[in-house]
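Hi there,

Here is the structure I promised to pass on. Have a look at it first, and then read my notes below.

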Amino acid sequence: MDAIYNFSAGPAVLPKEVLEQAQDEMLDWHGSGMSVMEMSHRGKEFMSIAAKTEHDLRELANIPRNYKILFLQGGASSQFSMVPLNLLRGKTKADYINTGQWSTKAIEEARRYCTVNVAASSEDAGFTYIPPQQQWNLDPNAAYVHYTSNETIGGVEFHWIPEIHTDIPLVADMSSDILSRPIDVTRFGLIYAGAQKNLGPAGLVLVIVREDLLGMPLPGTPTLFNYQIHAQNDSMYNTPPTYALYITGLVFEWLKRKGGLTEIEKINIAKATLLYEFLDSSDFYHCPVAKTDRSRMNVPFTLKNPELDSEFLKQAELNGLLQLKGHRSVGGMRASIYNAMPIEGVEKLVAFMKEFANQHA
Ligand SMILES: *Cc1c(COP(=O)(O)O)cnc(C)c1O
């Protein structure tokens with residue numbers, strides 16, 4: 001069978017080596033006689049998996065000791081409410097940057113708890129660019145500033161970290177570009193990411209939060225939505241998504257073997273450059289996103305003639321190129337090329353797109 005490449009936006013491709021290792025360990029993890037799925041989360045075997053996973057992440061992303069790492073359930077969407085519930089800390093306002101559909105959802109949820117100041121938005125141009133920071137209208141009394149570092153649907157990505165007042169925590173939804181490049185965690189108060197884009201299987205959400213921000217949740221905050229409870233219990237207040245956490249741990253080991261985030265970033269740049277340079281050289285395809293703000297992870301594009309969309313998708317699938325259909329809200333195509341997508345997959349996609357264009361020109 002020819003290689004299959006999965007361009008899904010999420011749940012998404014995982015490294016083949018990781019899946020093979022999980023297969024080898026499926027019935028009997030390290031001589032324990034058990035599958036990881038069957039283990040008590042409080043047993044020594046699983047505790048060692050969780051501890052190693054946290055340790056490897058701390059090393060990979062260079063996370064200082066005064067930041068807690070939490071492995072929670074509820075997806076990135078749960079963080080749309082957990083962030084205001086925990087970070088308002090007596091204040092009544094928060095700044096949000098609106099760069100697409102995920103930011104919009106985060107804003108809608110935050111409005112249940114506070115006054116949201118949309119300090120900048122690219123809605124005027126269909127969310128195809130990142131508003132430059134000179135145009136932001138930040139509120140000095142905001143409890144925090146929230147932005148989405150990569151908009152998975154629109155394919156716009158911050159290639160810079162916002163500069164904000166040091167007393168105000170910066171919060172980022174990094175669901176779809178976390179660990180795609182080195183990050184300076186110290187610039188952030190809180191980072192969150194659903195696992196199923198660039199980290200591992202669905203069911204797990206990662207939170208990295210500065211310790212001093214914990215302990216002042218809004219009155220009435222449910223116990224399970226209180227970061228401090230999870231921090232005090234090493235993410236074991238209730239049962240964490242154990243199998244998803246284990247696979248994510250294998251992904252961290254894989255990233256370390258690849259040379260860490262500096263190396264994976266080089267590969268991600270090479271993959272994205274290959275695809276965007278081809279798109280820009282072609283009259284047959286079009287990418288709507290401003291050149292400076294294009295995502296390295298999610299590449300949306302359209303065919304100039306949308307009547308060919310379904311034929312394109314059909315031929316792509318016959319060529320082993322799967323899940324290229326764009327989000328239902330925007331149409332067209334989207335190629336998600338996360339860490340686990342090998343460059344061969346992008347090369348094969350570009351070759352296919354060239355040939356399809358020639359045949360249908
Ligand atoms: C997928 C995604 C979400 C939502 O994730 P769930 O785990 O489905 O709740 C939020 N933000 C971004 C940027 C995403 O890509």
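What follows is a short tour of the ligand site, the overall chain and a few individual residues.

First, the ground rules. This is a predicted model, so local features need pLDDT of at least 70 and side-chain atom pairs count only at pLDDT 80 or more, while totals for chains, interfaces and linings use all residues. Residues are numbered from 1 along each chain as its sequence is written, and side-chain values use heavy atoms, with hydrogens and water left out.

**The ligand site**

The ligand is surrounded by 13 residues, and S77, T152, D173, Q196 and K197 are the closest; a residue is near a molecule if one of its heavy atoms lies within 4 Å of it. By class, eight of these residues are polar, three nonpolar and two charged. In this scheme Ala, Val, Leu, Ile, Met, Phe, Trp, Tyr, Cys and Pro are nonpolar, Asp, Glu, Lys and Arg are charged, and the others, Gly among them, are polar. Helix 3 (residues 75-87) gives the largest share of the shell, four residues. Helices (H or I, at least four residues) and strands (E, at least two) are DSSP runs, numbered from the N terminus.

- T152: a side-chain N or O atom is 2.4 Å from an oxygen atom of the ligand.
- D173: a side-chain N or O atom is 2.6 Å from a nitrogen atom of the ligand.
- Q196: a polar side-chain atom is 2.9 Å from an oxygen atom of the ligand.

On its own the ligand has 390 Å² of accessible area, and the protein covers 87% of that. Accessible areas come from the Shrake-Rupley method with a 1.4 Å probe; for residues, only the protein chains shown count as cover.

**The chain as a whole**

The protein chain has nine helices and 14 strands. Its radius of gyration is 21 Å, which agrees with the value near 21 Å for a compact globule of 361 residues; the radius is taken over C-alpha atoms, and the globule rule is 2.2 Å times the number of residues to the power 0.38. Of the 361 residues, 55% count as buried, where buried means under 20% relative accessible area, exposed over 50%, and partly exposed in between (1.4 Å probe, protein chains only). Among contacts with a separation of 6 or more, 67% are between residues 24 or more positions apart; contact means heavy atoms within 4.5 Å.

**Some residues to look at**

N339 is in the loop between strand 14 (333-336) and helix 9 (343-360). N339 is buried, at 6% relative accessible area. Y113 is partly exposed, at 26%, and, not counting residues up to four places away in sequence, touches S81, P84, L85, L88 and L218.

The loop between strand 4 and strand 5 (145-148) holds T128, and a polar atom of the T128 side chain lies 2.7 Å from the backbone oxygen of A125. F127 is found in that loop too; F127 has a positive phi of about 55° although it is not a glycine.

Finally, G10 and P11 are joined by a cis peptide bond, with omega about -10°.

Best wishes

Terms used. A polar contact is a pair of N or O atoms within 3.5 Å; within protein, one must be able to donate a hydrogen and the other to accept it, and residues adjacent in sequence count only if both atoms are side-chain atoms.
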